[in-house]
Amino acid sequence: MATKVKKKKTEKEAGGETLKLVDKQEAGQRIVGISRDIHNDIVKKHRKPSMRFPVRALSNVRYDLKRGHFEIRGKMATRTLTYNTVKTFAQSVRLMATTKKDLLDKNDIAGKREIYYNSKSWGECRFDEQPESDTLLDDMEAMLGINREQLGYIPEERGGDVTGPLTVLDQNPVTGETIKINCAKLGSGAWSIPSRVEHLRFESKAALILVIETASLFQRLVHHVFYEKANCILVSMSGVPTRACRRFIRRLADDQKLPVLVFTDGDPYGYCNIYRTLKVGSGQAAHINRYFCVPQARYLGVTPQDIIDYKLEDATHPLEEADIKRAKDALKNDPFIQHHKEWQNTLNQMLKMGVRIEQQAFAKHGLNFVLDHYLPEKLKKKQFLP
Amino acid sequence: MAKRTPTAETAETMARKQRDISVSEFFLKNRHLLGFDNPRKALLTTVKEAVDNALDACEEAGIIPEISVDIQQIGPNRFSVAITDNGPGIVRAQIPKIFAKLLYGSKFHRLRMSRGQQGIGISAAGMYGQLTTGRATKILSRTAGAKQAHHIEVQIDTRKNTPTILKDVMIEWRPEFQPTGTDGSPGEQVVSAHGTCVEIEMEAAYFRGARSVEEYLKQCAIVNPHLQLHFRAQLLKKEGTAEEPAPTAGEPATPPAAGSPWTTFFRGVNHLPPPPVEIKPHPHGVELGLLMQMMKDTPARTLRAALSQDFSRVSGKVALDICERAGLDPRANPSRIAHRESEALFKAINETKLMRPPTDCLSPIGEEQLLAGLRKEMTADFLTAVTRPPTVYRGNPFQVEVGLAYVRPGDQADLGADEPARVMRFANRVPLLHMAGACSITKAIAGVNWKSYGLAQPRGSLPTGPVVIMVHMASVWVPFTSESKEAIAHYPEIIREITFGLQECGRQLAVFLHKRRRLAEQDRKRSYIALYIPHLALGLKDILDLSDKDEARVVSSLNDLLERTHLETT
């Protein structure tokens with residue numbers, strides 16, 4: 001009974017779209033259920049067994065306006081045991097077996113790369129390259145409907161850095177004792193977002209969360225204590241935000257009712273991959289987007305219009321082939337871009353100008369131009385892209 | 001340099017030097033035309049001519065042939081070759097002419113499928129022996145019912161192209177043959193009441209392998225399944241004494257007991273092929289000169305009769321048509337047809353539509369027997385043969401047969417996957433070993449697109465692969481490129497027929513190769529799947545806490561599933 005109560009409490013705390021927590025026993029039960037179906041197919045029904053999981057691609061998501069993120073659609077992929085799939089099929093089953101036996105039953109954790117190396121003991125069934133095991137891990141996660149963090153898989157990438165007027169309440173992993181981390185008192189350093197953020201609680205008086213793409217600009221803002229001046233929490237993503245980073249921003253924003261502003265390079269990658277993924281999720285991870293998205297995020301810059309407004313034409317780079325393709329793809333296939341006229345205009349304007357711009361380009365007008373002029377002016381104007 | 005004006009020849013002085021050239025002299029100087037260009041080839045040609053004649057004689061007489069070829073080395077470069085058959089024998093009067101007169105024979109003037117054609121071969125062999133060793137050709141022959149055999153030794157007078165008889169006696173002799181099993185054990189001796197033996201001593205060289213006597217005989221046995229062939233080659237030890245010491249004081253001709261044993265190519269069938277029928281020439285195959293000669297020689301008294309009697313496929317009505325077209329009187333005397341008129345006649349003949357010549361005169365080997373012959377020679381994974389319907393080139397009926405064997409890789413060392421296909425060429429059941437490059441058979445094979453039948457093929461050459469291709473052309477007149485009868489001339493009609501035959505076999509081969517590839521692919525897939533089945537079972541066992549017995553059941557169920565459905569994606 002105790003667990004049940006606690007679970008309810010967590011749900012209430014998280015607010016909005018709640019991450020459905022699944023305890024290890026239930027996760028194990030789901031694995032057993034799928035395996036039993038396969039076993040029945042083989043032994044009792046004498047037919048080729050198959051696994052079903054949702055298709056994880058941009059073509060199988062829709063932009064759910066009410067919830068504000070990409071929601072997976074009903075398209076399911078079936079992996080039937082055939083000559084072409086026999087290896088992956090066997091690998092999937094062994095991966096589920098390992099997950100249940102070594103992680104869930106033993107309450108252990110493993111990195112994606114560790115699982116890849118673990119498979120080296122499987123003989124012919126082993127994974128030759130890590131991308132193979134990563135893909136099957138994603139498949140399994142989609143098939144079970146449980147994100148892999150809950151199965152005990154920890155991401156290896158860094159989750160992102162945080163500085164600013166925020167106190168994070170964490171726990172000592174062994175004793176459970178509460179630890180208070182004041183992110184305003186970290187000097188020239190920053191606090192790293194852990195891979196699991198569900199248990200964190202927050203205290204903050206900040207006015208907004210400013211999410212920044214590059215680490216170097218983040219460093220500049222920290223160095224000049226920009227967060228005090230603007231009363232904001234600074235988060236550095238270093239490229240496409242990790243799940244933990246997205247989840248952290250989401251929980252923090254929900255919990256403290258803070259607006260979220262995003263500042264990336266002004267190029268199709270910054271718009272369509274980094275920002276879009278942070279806000280509404282990705283096609284790849286469509287089955288778990290509802291937990292890993294920040295629908296309240298707004299886009300601050302750099303926009304193509306900024307290039308003109310701040311006379312940065314000579315600080316740009318021509319769009320490369322890949323940029324143009326990315327922008328056109330997004331205009332054609334991305335449900336998020338297709339829904340927002342402003343974004344279509346922005347991308348079209350960029351394609352017309354034929355240039356992209358980096359966050360650091362403001363250094364043309366002086367190293368601190370970005371924090372003395374650009375950001376304050378933008379924040380004041382409050383004209384953000386959706 | 002003394003300046004001396006050469007005395008100008010006058011017509012008279014030149015006339016003194018001008019004289020007849022006998023065919024014998026001509027061929028003596030041009031012996032390569034007959035296949036005697038080198039010692040090695042001379043031996044093969046001799047054997048070939050003698051065996052061809054023996055086979056023709058037996059078949060014409062309705063005797064199932066039994067032939068022995070005995071090669072004995074008597075000096076470093078000197079061999080004695082004896083070919084014995086159980087044929088009808090030869091009457092005494094004909095023996096000298098047959099063996100010591102060039103261009104003497106029964107086969108030149110008729111249109112009938114036979115091995116020999118010109119009547120040159122065996123006398124040329126004798127002439128070659130005489131030229132290189134000075135020895136005479138020795139003939140033993142016994143006709144059916146005769147009390148004794150003739151023993152005649154002849155030489156050829158090359159100036160006059162006439163035989164010189166050196167010895168002519170009657171002796172006790174019967175052809176004897178010694179069948180020997182594959183293990184070398186001698187079988188029961190076969191003695192015939194009639195037959196002929198020709199023995200020629202000559203300068204020669206003995207080799208094994210491709211284009212050897214042995215290869216020739218082997219191929220001969222393939223296309224003549226009714227032939228029983230015995231072969232023996234007794235060679236001197238290298239660098240040894242000139243002659244092996246005779247173990248007993250017997251006749252020098254008697255082989256030493258310890259000498260190499262006979263090899264027998266046993267008979268596959270016990271009946272003769274249906275005898276080929278002699279036909280009259282077809283008008284469309286006759287050239288102007290020959291036409292004039294025939295008109296002159298005909299016993300018929302009117303042109304119309306000459307045309308309808310001396311040619312095939314010319315009825316009285318057709319003969320009238322021809323005469324009308326040529327503007328000639330059908331009642332005219334054929335021997336009086338003038339040059340200009342015969343040209344008109346020739347033109348008219350070629351403009352007249354005629355029935356194709358009869359083709360029942362051909363005696364093909366037949367698909368069954370071709371396959372049997374190939375099977376005897378090699379272990380093959382796949383065999384196919386096709387006998388094309390008879391057709392015509394230049395008025396001569398001919399028929400093409402093609403056999404194709406895909407040999408089990410590794411069984412025959414000389415038939416590797418990367419080697420060019422081995423080609424066996426035959427004309428009127430005679431193996432052709434030399435001049436493959438000049439032969440229309442080779443040309444036809446290289447011209448077929450073998451890639452579409454699953455074989456590799458370098459541009460414009462023979463296909464590669466463990467393949468034996470056999471092509472037989474049967475015709476009343478095989479157009480050889482030379483008198484040595486080694487290559488078939490490039491007639492488009494012939495090449496086309498061979499190509500069709502090859503393509504027919506090729507299609508069969510493609511089906512076989514495709515099926516084999518599919519099976520191999522299926523095997524590969526099956527073992528690939530079998531590799532992962534235990535892992536699938538192990539995974540299920542771990543998750544569902546199955547017993548070892550249950551795990552085994554999963555494996556066996558999956559294997560059943562694999563057997564039943566091949567787990568193909570459908």
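How closely do the axes of helix α6 and helix α11 of chain B come, and at what angle do they cross? I note at the outset that the model is predicted.

**Entry 1. Helices α6 and α11, chain B**

I took α6 as residues 213-223 and α11 as residues 367-377 of chain B; their axes come within 8 Å and cross at roughly 145 degrees. I then listed the residues that meet. From α6(B) I recorded B:Lys218, B:Ala221 and B:Ile222, and from α11(B) I recorded B:Gln369, B:Gly373, B:Leu374, B:Lys376 and B:Glu377. Sorted by class, this contact comprises three nonpolar, two polar and three charged residues.

**Entry 2. Helices α8 and α9, chain B**

I next examined α8 (residues 303-310) and α9 (residues 316-326) of chain B, which pack at about 125 degrees with axes 9 Å apart. An angle over 145 degrees would count as roughly antiparallel and one of 65 to 115 as roughly perpendicular; α8(B) and α9(B) are therefore oblique to each other. I recorded their crossing as right-handed. On the α8(B) side the contact residues are B:Leu303, B:Arg304, B:Leu307 and B:Ser308, and they meet B:Gly316, B:Ala319, B:Leu320, B:Ile322 and B:Cys323 of α9(B). The class count for this contact is six nonpolar, two polar and one charged.

**Entry 3. Helices α12 and α14, chain A**

In chain A I looked up α12 (residues 321-333) and α14 (residues 341-353), whose axes lie 10 Å apart at an angle of about 150 degrees. That angle makes α12(A) roughly antiparallel to α14(A). The crossing here is left-handed. I found A:Ile324, A:Ala327, A:Lys328, A:Ala330 and A:Leu331 of α12(A) in contact with A:Gln344, A:Leu347, A:Asn348 and A:Leu351 of α14(A). By class I noted six nonpolar, two polar and one charged residues in this contact.

**Entry 4. Domains of chain A**

Which domains does the assignment give for chain A? I read domain 1 as 17-154 and domain 2 as 161-381. Their centres, taken over C-alpha atoms, are separated by 31 Å. Domain 1 of chain A brings 24 residues to the contact and domain 2 of chain A brings 28 residues. Between them the two domains bury about 2,300 Å², with 61% of that area on carbon and sulfur atoms.

**Entry 5. Domains of chain B**

**Entry 6. Contact between the chains**

How many residues of chain A are in contact with chain B? I noted 29 residues of chain A against 25 residues of chain B. The area buried between chain A and chain B is about 2,600 Å², and carbon and sulfur atoms give 72% of it. A:Ile42, A:Lys48 and A:Tyr83 supply 25% of the area that chain A buries against chain B, more than any other three residues.

**Entry 7. Backbone details, chain A**

A:Gly301 and A:Val302 are joined by a cis peptide bond, with omega of about 10 degrees. I placed A:Val302 in the loop between β15 (297-301) and α11 (304-309) of chain A. A:Asn107 has a positive phi of about 55 degrees, although it is not a glycine. I located A:Asn107 in the loop between α3 (86-104) and β5 (110-111) of chain A.

Note on methods: Residues numbered from 1 in each chain as written. Chains lettered and ligands numbered in written order. Predicted model: local features only at pLDDT ≥ 70, side-chain atom pairs only at ≥ 80, totals over all residues. Heavy atoms only, no water. Axes fitted to C-alpha atoms, helices over the stretch in contact; angles between N-to-C directions. Helix = DSSP H or I, 4+ residues; strand = E, 2+ residues; numbered from the N terminus. Parallel < 35°, antiparallel > 145°, perpendicular 65-115°, else oblique. Left-handed = near helix turned anticlockwise from the far one by under 90°. Contact = heavy atoms within 4.5 Å. Nonpolar A, V, L, I, M, F, W, Y, C, P; charged D, E, K, R; others polar. Domains from an automatic or database assignment. Buried area = accessible area lost by both parts, 1.4 Å probe.
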